[in-house]
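Visitor: Hi, I'd like a quick tour of this one. Where should we start?

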Amino acid sequence: MRSLEEFAADKLAALERAQLRRAPAVTARTGIWVERDGRRLLSFSCNDYLNLSQHPQVIAAAIDATKRYGVGAGASRLVTGNHPLYAELETRLARLKGTEAACVFGSGYLANTGIIPALAGPDDLIVMDELSHACIHAGAKLSGAEIQRYRHGDPSHAEEILGAHRGTKKRALIATDGVFSMDGDIAPLAALSQLAQRFDAWLLSDDAHGLGVIGGGRGSTFVNGAAHSPIQVPLQMGTLSKAVGAYGGYLCASNAVIDLMRTRARTFIYSTGLPPAVVAAAIAALDVIERDPAYAAEPLRKARLFTRALNLPDAQSAIVPVIVGDTAAALAASDRLCDNGFLVVAIRPPTVPAGTARLRFAFTAPHDDSDIARLAELVRSHVLRR
Ligand SMILES: *Cc1c(COP(=O)(O)O)cnc(C)c1O
């Protein structure tokens, strides 16, 4: 197997030279505090926006479910892994998103790689934002459909593509992040929804970073406030692994679409159900989100404290990128913040396009306003003024 070892070693050496080699750092986390290499750091690199992974009621629900049902689900949901908590979680999700039904997957990544190929095939067209999350790209590729990418956040480019290609294809899907994971901006969902209706295309929004954070906690289709009806997005997917503080992915849609997922989505059929503790935790976390929209509004308020302190455009979500450019500079900027007690991970290609390496700040409810002010000051003096 010498060729295998050589392949791996050569590949790693090339990545090392480009400063693109990555490895998971050992991180012990307690809420917003993390310990790395014996140092305690205040983290702005965690998607647990509401700190619900640490919430006493969420933890208690997980423990109770484990005692009652055990640790693992034991089988795929279509076999015997569909423990009773799933139905409750799916009812909750559908209610929160205002859809007829919902279906829970093993993760957000598994959701998109299951949903998209269940809806689109080789005769079909997928039109997607170029900055969509990796799992939308993966799902689209798996489907075998023709893939066309429109410029980030540009519905007129999507329109152009639909005009040129829709006619030759049987079905069409438009896919986008609701909140973009590395940029923090919100997709032009209202315009995309109109395009979808005009071109008979199905709109899928991935609201991994919207649920629990924007739109009163209900996500990006609800950003216009209670007075407006939500934007028509027939395929609302997302994750339970971020603001919900647990794990898993979901799709909220009509009864027919959800029933189709349960019988055709391969990542639903051929992967073991979630541990009962995780499902119970997600239910308890949704309770908190529904009960306390003011708490769910905190991460965005904190993000705006930061953008205002730096005269950046107002944050639209809990995520704020500060683009540095090259990979080495982004890593150095992250090191400087680390020297001052802050963990802000540098995001490099291929997670973001080449030349746009950045610091990605994720703001969460328990962050202190004074710490945010101190962080902004450091960013002003060490990162922006270089
Ligand atoms: C994190 C993320 C996912 C993946 O969700 P997991 O539950 O972590 O697998 C999918 N889409 C977007 C936009 C994300 O940010």
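Predicted model: local features only at pLDDT ≥ 70, side-chain atom pairs only at ≥ 80, totals over all residues.

Visitor: Which residues of α3 are the buried ones?

Guide: They are L85, Y86, L89, E90, R92, L93, A94, L96 and K97.

Visitor: What span should α3 have, and how far apart are its end C-alpha atoms?

Guide: Helix α3 (residues 85-97) has 13 residues, so at 1.5 Å a residue the span should be 18 Å. The end C-alpha atoms are 19 Å apart, which agrees.

Visitor: And what comes just after α3?

Guide: G98, with a positive phi of about 70°.

Visitor: OK, changing topic. How many cavities of 30 Å³ or more turn up in the whole structure?

Guide: Three. The largest cavity holds about 70 Å³ of space.

Visitor: What lines the largest cavity?

Guide: Its lining is made of R77, Y86, V104, F105, G106, T267, F268, S271, T272, G273 and L274. Y86 is also on the list of buried residues of α3. Both β4 and α9 (266-269) give at least two residues each to that lining.

Visitor: How does the lining of the largest cavity split by class?

Guide: Five residues are nonpolar, five are polar and one is charged.

Visitor: Now the aromatics. How many aromatic pairs are there?

Guide: The structure has six. Take F105 and F268: their ring centres are 5.9 Å apart and the planes sit at 75°, so this pair is edge-to-face.

Visitor: Which parts does that F105 and F268 pair tie together?

Guide: F105 is in strand β4 and F268 is in helix α9, so the pair links parts 163 residues apart in sequence.

Visitor: Are F105 and F268 buried or exposed?

Guide: Both are buried. For another pair, look at F361 and F363: here the ring centres are 6.4 Å apart with the planes at 15°, so the pair counts as stacked. F361 and F363 are both buried as well.

Visitor: Which aromatic cluster are F361 and F363 in?

Guide: They form one cluster together with F44, F306 and F342.

How values were computed. Residues numbered from 1 in each chain as written. Heavy atoms only, no water. Helix = DSSP H or I, 4+ residues; strand = E, 2+ residues; numbered from the N terminus. Expected span 1.5 Å × (residues − 1). Buried < 20%, exposed > 50% of the residue type's maximum accessible area, 1.4 Å probe, protein only. 1 Å grid on protein atoms, 1.4 Å probe; cavity = no way out; pocket = protein on both sides within 12 Å on 5 of 7 lines; lining within 4 Å. Points joined across faces, edges and corners; volume = space filled by probe spheres on them. Nonpolar A, V, L, I, M, F, W, Y, C, P; charged D, E, K, R; others polar. Phe/Tyr/Trp six-rings, centres within 6.5 Å; stacked < 30°, edge-to-face > 60°.
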